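Hi,

Here is the structure I promised to send over. Have a look at it first, and then read on for my notes.

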Amino acid sequence: MRPSWLLPALALLALTVAGPALACATCGCGDPTLLSIGVEQPFGGRIRAFSEGQYRTESSGTPQTGGTALAEWALNLGGSYAFSSRWALSLTVPVLFRTLESADLSRDHSTNLGDVEALAKVVLWRDREFSARHLFSLLGGMRFPTAPLQRLPDGTVLGSDIQAGPGAWWFIGGVSYYARLGGPWSAYASVLAYLPTKGREGLEPAPTGRATVYGQLQPWPWLSVRLGTDMRLDGVWHENGAVSPDTGGFIAFLSPAVLLSPATDWVIQLAARIPVINALEGVHTEGTSASISLVVDL
Amino acid sequence: MLPVVVTSCLVLGCSSEEAGVSLALHLAHRPSGASQSGPERIIQRPNGDVVRLTRGHLNVASVEILACPSTAWRKLLEALSPVGTARAHTEGTPTRIGEPHVDDLLRDDAQALTLGTLKPPADRYCRGTVLLEPADADAVGLPASVPMEGNTLWLEGTVEPAGGGAAQPFQLASSSEAEVDAQFLGPAGSPSPVPLTTAGIARTGQVLVRYDRWFDGVDPLAPGAADALVDAIAASLELRAD
């Protein structure tokens, strides 16, 4: 089910939430770099709202073992608020539209809220208070089990592959480093660990680690191009005490992106994630994903 | 109204399902002659002896369906596919009913025993394998009246000699195993693949028990008759697609 209204909804949301800026965000922190949500330099009172549309695919198992293919459209809404130049809090609320196709040609569709994630960022060190060129931050937060348990109209609980969340609480911790390298260049790196509690319906999700590294070139004030990598190392999940097949392993993506600023304090990001190393356990592949997002400083 | 629907979808979730392909499998008694019912089954051997079965149970351990052989073009596509196509056997797979069922041979021939419904990968299915092996304690339909657990076959009856004379009783039990690989046959008895290639298709297949053929080459009074019967039963099984 492709939500054809996704792009208009993104634009409408942005227009709705974006009032006239009192002062440009660049002026507030002295950093003209076009940045995604969560990467920006915090300063007291900085508010950013974002909406993102994302499409991704994933398949696991073989036809003989009941393999499935998932297609997911996600509408991620959220924002961040900086309480000071030292710390900020961001919130992401995903709405998921999923279709799971099995080898027997049956298809399950689901539309629901995903797991809401809150992430705090504490700047541990910056080289100078204004127009900083180096920021080293501590990240910590929680992913909440807000995705409802999916059932068919007759009450049957759908399989774990179509569920938008395992029903677990995820503790998040990590670090990030942002650098303005001089001229049009900047770079960002982060490492995050997700540590889950037990889920529902016998699901036991496993810890996962995520890393992001990228370099960014901004030849003009209104345009940036970015190239980097996103990596993920997953533990093996268990279901009802048994190993859940085709879970766990490592995957790395090449992550190009283009960031445009059509107006002051507006950033539109077009991004893709192309799997380049797939060392996931069993028969498990993830396809190229694409996203478009809009970030507005309020 | 729309906000209520959207909110309930987000909080409670909205889901729907489109059916795929399926094949319901049944076990049916199908003698060559008239169907039988009642307290015994009467079978005439080629030599004229008459076998009367008064009790009988057979354990069908599993039924697996097999896709038709790949064409050259399809083999090429599979070779190019990045997704593996392992064909390992497991306890439960989309193409295999692994739950054992004990068939009561005195069940009315008109009544079929439901083995289960497969939801296999979309394909054309030409063949199937039926495995006969000893029943375990979890077998569906395990009888309490006879010691079927640990046995594949348990039979009781009499043989009336063709030339006359007293009927000879027999009681046979076997724990031997046998597997048959058979083609799906159509109503006319000729090979007929089962096409399960379009979403929403629900077909029915039957494992036919031809009990009138069991004693064609096996004398139930002869030594080793029990194990020989398991092989004869396996050889007589047929797969039909409706």
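Predicted model: local features only at pLDDT ≥ 70, side-chain atom pairs only at ≥ 80, totals over all residues.

First, the contact. Chain A puts in 26 residues and chain B puts in 27. On the chain A side, the elements that give two or more residues are β3 (87-102) and β4 (107-113). Of the elements there, β4(A) gives the most, with seven residues. If you sort the chain A side by class, you get nine nonpolar, 13 polar and four charged residues.

Five bridges tie it to strand β1 of chain B (residues 14-18), and the two strands run antiparallel.

Next, a sheet within chain A. This one is open and has three strands, in the order β9-β12-β13, with antiparallel pairing. β9 (203-204) and β13 (242-243) of chain A are at the edges; each has a single partner strand, so one side of each is left without a neighbour in the sheet.

Which strand do two bridges join to β9(A)? That is β12 of chain A (residues 238-239), and the pair runs antiparallel. To find the place on screen, look for Leu203(A), which stands opposite Glu239(A) in β12(A).

That's it from me for now.

Cheers

Key
Residues numbered from 1 in each chain as written. Chains lettered and ligands numbered in written order. Contact = placed C-beta atoms within 7 Å. Helix = DSSP H or I, 4+ residues; strand = E, 2+ residues; numbered from the N terminus. Nonpolar A, V, L, I, M, F, W, Y, C, P; charged D, E, K, R; others polar. Pairing = 2+ DSSP bridges.
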